[in-house]
Amino acid sequence: MSWQGYTVFLLESIGIYNRDLMLHYYKKIKKFMIWYKSRYGIELKDIPDTADCKLESQKKAISWRRIARAIEKNDFYLKRLSFSQTKNDDKKLIQLIHKWDNLLNKTTQTDDTKLRKIIKENF
């Protein structure tokens, strides 16, 4: 399976259980792709499956692997794609937490300190 196919698979899998979360990721990924198109002229069809690992880790290259890994890591804010945490994202996350009890709970494991703070404040 290609990384592009895997990314679509991950989004569809999330959508089966939580359409709101899937749409959140979809909108952010779409913004990411639009930014790369306007900045570097890279069209959707031209996004490579993989790029140099070093450039991906430095957030200097677009690839389907980078997008898929962000979803795999449950990176709600998509910081791995160079997004930052916003107040609107915080509000959306809190709404999702209350709407979908199984999305996050006090036992959720995450490396994101800001996400842990939100979990701690809301449970």
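Q: Where does Ile34 lie in this predicted model?
A: In this predicted model, Ile34 is part of helix H2, which covers residues 19-40.

Q: Why is Ile34 called exposed?
A: Its relative accessible area is 53%. Exposed is used for values over 50%, so Ile34 qualifies.

Q: How far apart are Ile34 and Ile16 in sequence and in space?
A: In sequence they are separated by 18 residues, and in space by 26 Å from C-alpha to C-alpha.

Q: How many aromatic pairs does the ring rule give?
A: The count is seven aromatic pairs.

Q: Why is the pair of Phe32 and Tyr36 called edge-to-face?
A: The ring centres of Phe32 and Tyr36 are 5.2 Å apart, and the planes stand at 65 degrees.

Q: Where do Phe32 and Tyr36 lie?
A: Both are in helix H2, four residues apart, or about one turn of the helix.

Q: What makes Trp35 and Tyr36 an edge-to-face pair?
A: Their ring centres are 5.2 Å apart and their planes meet at 80 degrees. The distance is within 6.5 Å and the angle is over 60 degrees, so this pair is edge-to-face.

Q: Which residues do ring pairs link into a cluster?
A: The cluster consists of Phe32, Trp35, Tyr36 and Tyr40.

Q: Why is Tyr36 called buried, and why is Trp35 called partly exposed?
A: Tyr36 has a relative accessible area of 5%, and buried means under 20%. Trp35 has 40%, which falls between the 20% and 50% limits, so it is partly exposed. Phe32 is buried as well.

Q: What makes Ala70 buried or exposed?
A: Ala70, in helix H4, has a relative accessible area of 0%. That is under 20%, so Ala70 is buried. Beyond four places in sequence, Ala70 touches Asp75, Leu78, Arg80 and Leu81.

Q: How do you know that Asp75 has no salt bridge?
A: The nearest side chain of opposite charge is Arg80, 4.3 Å away. A salt bridge requires a distance within 4 Å, and Asp75, although buried, has none.

Q: Where is Asp75, and what does its side chain reach?
A: Asp75 sits in the loop between helix H4 (64-72) and helix H5 (87-99). Its side chain reaches the backbone nitrogen of Lys79 at 2.9 Å. Not counting residues up to four places away in sequence, Asp75 touches Tyr25, Ala70 and Arg80.

Terms used. Residues are numbered from 1 along each chain as its sequence is written. This is a predicted model: local features need pLDDT of at least 70, side-chain atom pairs count only at pLDDT 80 or more; totals for chains, interfaces and linings use all residues. Side-chain values use heavy atoms; hydrogens and water are left out. Helices (H or I, at least four residues) and strands (E, at least two) are DSSP runs, numbered from the N terminus. Buried means under 20% relative accessible area, exposed over 50%, partly exposed in between (1.4 Å probe, protein chains only). Lys and Arg count as positive and Asp and Glu as negative; His and the chain ends are not counted. A polar contact is a pair of N or O atoms within 3.5 Å; within protein, one must be able to donate a hydrogen and the other to accept it, and residues adjacent in sequence count only if both atoms are side-chain atoms. Contact means heavy atoms within 4.5 Å. Rings of Phe, Tyr and Trp (its six-membered ring) pair if their centres lie within 6.5 Å; planes under 30 degrees apart count as stacked, over 60 as edge-to-face and the rest as tilted.
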